[in-house]
Amino acid sequence: MPETKPYYGFNFLWMFSKWREDMKPAPPDLKELDFVAKHGFNFVRVPTDYRFWTEGFDYLKPDERVFEDYIDKYLDECTKRGLHMSLNIHRAPGYCINRNDIEKHNLWADKEAQDAFLFLWETFAKRYKGVGSDKLSFDLLNEPPDIGQYGCTRDVHEKLMRRVIAAIRAADPKREIVIDGLEGGHTAMPELADAGVVHSGRGYTPFPVSHHKAEWVSVENMPEPVYPGEMWGEYWDRKALVEFYQPWRDVEKAGAKVHIGEFGCYNKTPNDIALRWLTDLFDVYREFGWGYALWNFKGTFGIIDHGRAGAKFEKMDGFNVDRDLFELMVNNRV
């Protein structure tokens, strides 16, 4: 990303998932954006679901009124406040890390899905051409699957990403582009270190700490969270976190920029464990000089009203803020 200072901020779920047919995207929450800007954050990631502008898998006929009424307004309100907006496709034609079974096509195997994915990013590239990359970036695909799942091999995925990157740059050569790591965003892609894009990692490791008792997670025999401590035969502490991110540092050494597009801790993790882990995680990101975006701003992973037992909440600008988590985010910016 073209900043001199890393991007720090939050994911906002205004257009995250159309899980009900009658749902519409939410308008930008101006009070929340005011809070973000006031406290020195500079980054807003907006995950989107293509079903908000597409009917019946008719991918090539988007309702562009949705772009005008919502995405354009998200960008406008972020820009007014000096916030960079990263537009992300969370559910793409043929893939989503959540409920992929409802998709008609397969993004790594079907031409229909690949052409639709390409068309969508070409549409956005043309629509936002002329908007500076200091204001807007394109985060192509949220959390691609495990290698081998749905036919997603490293080679197939690399070719798909390069094809879309080339199409965006043909329409808008200066657009900043972001790619998420494989295997849910956790696995670095050195084969794309030369692509001139930002590589987006995740901060959900170790998983038994970040997703303790998460209702949507179907992992058998997930151990009780401890930190520092041993889970699944591995000992996790600050040193282990540094080792976990070594492949990402190698990509960085090869010339790519790294940003942590999502991280956070579900509200069922005991607060003392969550804070010990997050303290080390923030410290590692600070050491590396990496920016990050908490999932999310308000909710079970956020800094506002997450509901974790034992957390210390304080009223700030009309919000019920986890003061300890807020201080960690503020104090660990470069």
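This report walks through the barrel and the helix packing in a predicted model.

## Ground rules

Residues are counted from 1 along each chain as its sequence is written. Because the model is predicted, local features need pLDDT of at least 70 and side-chain atom pairs count only at pLDDT 80 or more, while totals for chains, interfaces and linings use all residues, and side-chain values use heavy atoms, with hydrogens and water left out.

## The barrel

Eight strands close into a barrel, running S1-S2-S3-S4-S5-S6-S9-S10, with parallel pairing. From one strand to the next, the twist averages 30°. Strands here are DSSP runs of E, at least two residues, and helices are runs of H or I, at least four, numbered from the N terminus. Two strands pair if DSSP finds at least two bridges between them.

Look at where S1 (residues 8–11) meets S10 (residues 291–294): the two run parallel and are joined by three bridges. Gly 9 sits opposite Ala 293 in S10.

## Two helices side by side

H2 (residues 64–80) packs against H3 (residues 111–127) at about 60°, with the axes 13 Å apart. Axes are lines fitted to C-alpha atoms, for helices over the stretch in contact, and angles run from 0 to 180 degrees between N-to-C directions. The pair is therefore oblique (under 35 degrees is roughly parallel, over 145 roughly antiparallel, 65 to 115 roughly perpendicular, and the rest oblique).

On the H2 side, Glu 64, Phe 67, Glu 68, Ile 71 and Asp 72 meet Leu 120, Thr 123, Phe 124 and Arg 127 of H3 (contact means heavy atoms within 4.5 Å).
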